[in-house]
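Here is a short report on one protein chain. It goes from the overall fold to single side chains.

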Amino acid sequence: NIKYSFEVNTQPSLPWLELQGDHHLESIMLRYPAKYVEMKLGEEIISIGRVATLGGWSIITRLYVIPALRGQGVAKKMMNYLMFVARNDGATKIALQVDSENRAGLALYTGMGFRLHHRYNYRTLESSKSV
């Protein structure tokens, strides 16, 4: 039986940011209080996630599992732990963000009782030359 451990922080650690190259998002993520969770196998971080709570609502973002352990139940364990953190912070409802092309993630979240609420539309901005 594999033993995982979890570490919860109020700011992302350097290893948390490095796992999927989130340094460029740090200033955006820190604009709203959240919990940054690291899931470890021994000393190795194998999954990360972020959960922000206000009132009865939480939102999970930045869930990531290292490629070598995908498809082995790690994401589900991390989701359950993130929901545990949210519940302890007073949440009674939870939302999450997932890429619409992430079939494995969509299957996991649907299996956990999540349903599609709406989609984001986005675009990449080019360097602005002038307004």
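## Overall fold

Helices and strands here are DSSP runs, numbered from the N terminus; a helix (H or I) needs at least four residues and a strand (E) at least two. The model is predicted. On that basis, the protein chain has four helices and five strands. Read from the N terminus, the order of elements is β-α-α-β-β-β-α-β-α.

The chain has 131 residues and a radius of gyration of 16 Å; a compact globule of that length would come near 14 Å, so the two agree. Along the principal axes, the C-alpha atoms fill a box of roughly 60 × 30 × 30 Å. Buried residues make up 30% of the 131.

Five strands form an open sheet. Their order is β1-β2-β3-β4-β5, and the pairing is mixed. The edges are β1 (5-9) and β5 (93-96). Each has a single partner strand, so one side of each lacks a neighbour in the sheet. On average, neighbouring strands are turned by 25° against each other, direction ignored.

Strands of a sheet pair through backbone hydrogen bonds, in either a parallel or an antiparallel sense. Here, β3 (residues 44-54) and β4 (residues 57-65) are antiparallel, with seven bridges between them. Val51 has its bridge partner in β4, namely Ile60.

## A helix across the strands

Helix α3 spans residues 74-88. It lies across β1, β2 (35-41), β3, β4 and β5. Relative to β3, helix α3 runs at about 35°.

## Lys40 in strand β2

Is Lys40 buried or exposed? Lys40 belongs to strand β2. Its relative accessibility is 16%; the cut-off for buried is under 20%, so Lys40 counts as buried.

The side chain of Lys40 makes a polar contact of 3.2 Å with the side chain of Glu7. Neighbours within four places in sequence aside, Lys40 is in contact with Lys3, Tyr4, Ser5, Glu7, Ile45 and Ile46.

## Aromatic pairs

A pair of aromatic rings is described by the distance of the centres and the angle of the planes. The structure holds four such pairs. One of them joins Trp16 and Tyr36 in an edge-to-face arrangement, with 5.1 Å centre to centre and 85° between the planes. Trp16 sits in helix α1 (residues 14-19) and Tyr36 in strand β2, so this pair ties together parts 20 residues apart in sequence. Both Trp16 and Tyr36 are buried.

Tyr81 and Phe84 form a tilted pair, with centres 5.6 Å apart and planes at 45°. Both residues lie in helix α3, three residues apart, which is about one turn of the helix. How does their accessibility read? Tyr81 has 21% relative accessibility and therefore counts as partly exposed. Phe84, at 45%, is also partly exposed. Together with Phe6, Tyr81 and Phe84 form one aromatic cluster.

Note on methods: Residues numbered from 1 in each chain as written. Predicted model: local features only at pLDDT ≥ 70, side-chain atom pairs only at ≥ 80, totals over all residues. Heavy atoms only, no water. Pairing = 2+ DSSP bridges. Axes fitted to C-alpha atoms, helices over the stretch in contact; angles between N-to-C directions. Contact = heavy atoms within 4.5 Å. Buried < 20%, exposed > 50% of the residue type's maximum accessible area, 1.4 Å probe, protein only. Polar contact = N/O pair within 3.5 Å; in protein donor to acceptor, adjacent residues only side chain to side chain. Phe/Tyr/Trp six-rings, centres within 6.5 Å; stacked < 30°, edge-to-face > 60°. Rg over C-alpha atoms; globule rule 2.2 N^0.38 Å.
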